[in-house]
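Take a look at the structure below.

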Amino acid sequence: MPAMTPTIFVIDDDPAVRDSLALLIGTQGMRVQTFEHAEAFLQKFHPDEIGCLVLDIRMPETSGLALQDILNLRNIRMPIIFITGHGDIEECRRAFRGGAVDFLTKPINAPQLLDSLKKAIRISIQQQEQVSATQDVRQKLERITDRERLILRHVAEGLSSKEIARELDLSPRTVEAHRAKLFEKLEINSLAELVRFYLHALEATQPSQ
Amino acid sequence: MIGDLSMRVKASFVLLWLLLSLAILLAALFLTEESRQQQFEAATLHIKKTLEERLLICETAIYGFAELSAANYGSEQTRLRQFAQNIGTRYPYIYLMGFQPTVSLADREGFEAAMSFRSKHPFFIKDYNGQKDSGWQQAQFWRPAPARPYYIPLVDAQPASARRYDFMTGLDIARDQVLGPAVLQAIRSGEIEVTPPFNLQDGEHGFGYLKAVYREGVAPETVAERQDSVIGIILLGVRAETLLTVQGDSSRQLDLRLLPNDPQQPLGSIGTHPAATISTASSGWLHQMLFPSRQMQLSIERDYFPYRLEVFRGDDANRIPPPLYGLALGSGAFIAALLLLIAASQNNERLQSERYHETLHRERQQALITLESIDDAVLVIDGDYRVEYLNPKAALLLGVSQQRSVGMLLSEVWKVRFELARGAIADPVAACRQQLQRIELPENACLLRPDGQGAFIEGTVSPLLDQDDNLRSIVITFRDMAPLRQRMAEALERSEQRLKQHQAELARVARINTLGEMTSGIAHEINQPLSAIVSYNEACLSMLEDEEPDRILLKTALFSSVKQAQRAGHIVKKLREFVASKQAELSAVDVNQAVLNVITLIESELRDHAVTVDTDLAGELPRVQADAIQVEQVVMNLCKNAMEALMDLPGERRLFIYSEPRGQRVRVGVRDNGPGMPADTLQKVFQPFFSSKSQGMGLGLTISHTIIENMGGVLHAGNLDTGGAEFYFELPMIKPQGETEGARA
């Protein structure tokens with residue numbers, strides 16, 4: 001079970017930079033983990049973790065931009081803050097296109113870094129919430145039958161039981177029974193909740209297909 | 001082919017054609033001469049025969065008339081007239097025929113009266129006293145005949161066409177100048193007689209046939225009896241020209257004449273044409289030769305006929321027939337054309353032969369000159385190993401005389417051994433002679449020269465075959481390997497030198513670029529500790545805000561910070577050491593050359609950023625005591641700074657680089673038309689790690705400054721009044737005495 005506390009992963013080949021950043025971030029009350037290179041991070045890292053990456057662009061072996069590409073390939077959307085010795089416009093452009101949150105030059109301006117970190121953590125939490133919500137919806141969807149799913153759609157679209165019965169060539173009584181079952185299985189109490197669930201389900205099932 | 005001939009030759013062939021035609025014409029004429037002669041003779045004979053036949057007809061006519069006259073003497077003369085009419089019609093040359101009776105003096109008056117009565121016209125016997133040829137018509141010449149024993153008046157002229165001679169009626173023909181002698185002769189002889197010719201009214205000639213008619217019918221024995229018994233004379237007039245007119249092609253071109261047998265005869269000849277046309281005197285000798293006038297005289301076999309026939313072929317008969325001209329011209333043209341073709345082909349052959357000889361000569365010359373001038377030795381020997389030829393190079397290499405060697409044995413001039421040969425080597429000349437193939441001289445073939453020295457040679461031995469593939473000569477070509485080896489060694493050395501130069505050049509360029517790369521690397525190096533220091537200190541500051549700061553952690557952070565500051569200091573120290581350790585290699589440097597080198601190096605960069613460069617480099621600038629590479633590093637650094645200052649400039653971007661002497665120094669400056677530098681920047685521009693550029697390291701100018709100061713010079717920065725910035729450095733000139741200690745210090 002991953003820790004629900006956000007973690008800042010600092011990856012830089014220079015131990016002094018790594019250490020000083022860890023100390024600075026630590027003084028702000030955030031959890032920090034440091035890695036000397038990208039490979040070490042990839043070994044330890046769990047996809048469900050919340051937090052962000054502080055990544056040096058220039059590193060021997062795997063560079064910061066290369067790691068960004070790897071994570072994107074693995075569909076890991078953890079926010080990344082890049083740090084660099086001297087900014088290169090081309091690198092900067094690549095970083096932002098790959099979804100970077102910020103691009104900071106050394107020496108690091110502390111308030112700027114902390115702002116970016118907060119922003120990144122917020123993004124990370126949202127992402128994680130979205131992921132877990134989607135998972136919940138999916139689990140619940142697996143409980144209901146196809147007929148119930150059909151009725152769920154019609155109910156969510158605002159049809160009355162009678163209308164649904166006519167549409168599906170069933171008796172209104174049967175539709176009512178199915179509806180009660182749906183509410184029970186999906187742990188829903190009101191029609192509003194059902195509509196909300198339906199919208200989540202659309203969202204969750206659409207990208208997965 | 002004919003076109004190759006000259007105009008003169010062509011013209012002479014036209015002339016030849018004409019001459020040939022003429023010659024053929026003449027030849028044809030000569031060849032046909034005999035046949036023409038024969039033709040002529042045949043024609044002549046034909047004419048003679050015709051003439052004789054006609055004379056016979058006249059004879060027959062006169063006999064017939066005589067018989068008729070004798071039989072019908074004194075009676076009706078109708079038959080006679082009919083006979084005469086018939087004869088005159090059938091034979092046009094007989095124009096008159098009549099019986100002229102003898103009248104005695106006693107009977108004269110009665111006869112004259114009877115005749116006047118019959119013809120209703122006064123009739124008298126008369127004489128003619130005028131000229132022979134004219135005056136017949138004039139009455140004055142006619143006189144009544146005087147008294148004579150007898151008269152033979154002209155009273156009868158048959159046929160009717162003869163009436164025009166009526167004016168002569170009554171003429172006593174026995175006493176006439178012309179007719180008289182013949183009449184008397186006819187009476188005496190009783191035979192046919194012929195009168196001399198006389199002129200007729202129409203200009204023709206005529207002569208008369210006479211025959212006496214006797215009372216007894218036949219002529220009495222004696223002349224006296226004949227004269228007594230004659231009762232008349234028959235006169236037959238003949239037209240000479242008509243008589244001579246013979247029909248037929250062959251005779252048309254001929255002139256016919258009757259010549260008197262007796263040359264004394266006064267009347268002369270009678271001809272179909274005037275005698276003058278017969279003359280050939282006006283024609284040239286050629287004409288005479290070609291067309292000899294033909295003339296033939298034939299006697300007529302009539303004893304009473306006092307003429308002989310002359311047949312003459314005149315000029316008109318000798319015209320060359322046009323077909324002969326055509327034939328002559330045609331055959332002449334044919335022969336001339338044949339000759340022309342032969343001449344043209346011979347001319348062609350001659351030209352080809354000349355060309356061939358010329359080519360042969362030229363090729364020989366080329367071959368000879370080539371052989372004489374090539375740098376390879378060529379030696380030609382015959383099948384018996386005797387030298388046929390050697391070129392000057394061969395003579396030189398072999399150390400023999402070119403002339404004297406010819407005819408010598410190969411072994412006398414060409415001594416070759418094969419050094420360091422692994423196995424036995426066959427004599428290449430012998431091998432070539434045997435195999436009739438080109439043989440390479442073996443490696444390490446060594447030529448022994450007369451001076452005892454050996455020379456390595458290479459070359460080939462080739463057979464020279466004749467047309468039947470038999471060996472004619474052997475050609476040995478060879479060359480001394482020593483110069484080649486030397487040249488190869490030299491070439492190798494030269495290329496090695498070039499390689500070294502290139503390497504040096506590459507190294508130099510690499511070193512110039514090192515400064516830029518170094519500053520970039522240094523920036524990264526220094527940025528790391530700086531970044532760490534900033535972060536440590538920020539962390540400390542943050543911790544200090546806590547009510548109870550973690551002192552140990554604080555201390556650790558500060559300690560780390562100090563360590564990183566030391567690290568940065570260490571890097572800077574190392575950099576200083578690095579720059580200082582670069583002991584300048586001072587030499588005489590041409591700063592202009594350094595500037596030009598740099599412009600070449602950054603050319604593509606200038607182009608990429610659309611920066612144009614103008615230079616004003618002083619000519620004959622004294623050299624400076626400096627390190628060439630370092631000067632170039634500084635110039636490049638200044639140029640790159642200027643280019644970076646121009647990066648954000650819209651519009652024209654210009655660099656201006658100049659050099660000039662300044663007292664004992666040489667100044668090199670780089671100006672740009674950029675925004676220039678603010679005052680505070682200008683003060684700090686040479687301080688380490690100061691940069692006005694977001695990505696600048698702040699080291700380039702510092703290092704440049706250090707480099708220039710190390711070489712005893714100064715580097716200045718400033719703004720131009722016209723806008724833009726200027727950086728320039730000055731370096732000391734080389735003193736003429738070569739005193740350089742100051743620069744080294």
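How many residues does the contact take from chain B, and how many from chain A? Chain B supplies 19 residues and chain A supplies 17 residues. Keep in mind that this is a predicted model. Its scores are ipTM 0.72 and pTM 0.37.

Stay with the side of chain B that touches chain A. Two elements of chain B each give two or more residues to this side: α14 (481–544) and α15 (551–581). The most comes from α14(B), with 15 residues. Sorted by class, this side of chain B has 9 nonpolar, 9 polar and 1 charged residues.

Now take chain B as a whole. It holds 21 helices and 27 strands. Of its 745 residues, 30% count as buried. Consider the contacts in chain B between residues at least 6 apart in sequence. Of these, 63% join residues at least 24 apart.

How far does the predictor trust this chain? The mean pLDDT of chain B is 79, and 83% of its residues reach 70 or more. Confidence in chain B is highest in strand β25(B) (residues 665–672), at a mean of 93. It is lowest in helix α21(B) (residues 741–744), at 42. Two stretches deserve a note. Over residues 274–283 of chain B, pLDDT stays under 50, and the model has 8 contacts beyond four places in sequence for them. Over residues 738–745 of chain B, pLDDT also stays under 50, again with 8 contacts beyond four places in sequence.

Next, look at helix α4(B), residues 180–189. Which of its residues are buried? They are Ala182(B), Val183(B), Ala186(B) and Ile187(B). These residues cover an arc of only 140 degrees around the axis, so they sit on the same side of α4(B). What covers them? The cover includes β6 (193–194), β8 (205–214), α5 (223–229) and β9 (230–239) of chain B. Just after α4(B) comes Gly190(B), which takes a positive phi of about 75 degrees.

Move on to a pair of helices. Two packed helices are described by the angle between their axes and the distance between the axes. In chain B, α18(B) (residues 628–646) packs with α20(B) (residues 700–710) at an angle of about 150 degrees. Their axes are 10 Å apart. The crossing of α18(B) past α20(B) is left-handed. Which residues meet here? From α18(B) come Gln630(B), Gln633(B), Val634(B), Asn637(B), Leu638(B) and Asn641(B). From α20(B) come Gly700(B), Leu701(B), Ser704(B), Ile707(B) and Ile708(B). The residues of this contact divide into 5 nonpolar, 6 polar and no charged.

Phe727(B) lies in strand β27(B) (residues 725–732). Is Phe727(B) buried or exposed? It counts as buried, because it has 24 C-beta neighbours inside 10 Å. Finally, compare Phe727(B) with Asp672(B), 55 residues apart along the chain. Their C-alpha atoms are separated by 9.2 Å.

How values were computed
Residues numbered from 1 in each chain as written. Chains lettered and ligands numbered in written order. Predicted model: local features only at pLDDT ≥ 70, side-chain atom pairs only at ≥ 80, totals over all residues. Axes fitted to C-alpha atoms, helices over the stretch in contact; angles between N-to-C directions. Helix = DSSP H or I, 4+ residues; strand = E, 2+ residues; numbered from the N terminus. Left-handed = near helix turned anticlockwise from the far one by under 90°. Contact = placed C-beta atoms within 7 Å. Nonpolar A, V, L, I, M, F, W, Y, C, P; charged D, E, K, R; others polar. Buried ≥ 20, exposed ≤ 12 C-beta atoms within 10 Å, placed from the backbone. Arc of directions from axis to C-beta. pLDDT = per-residue confidence, 0-100.
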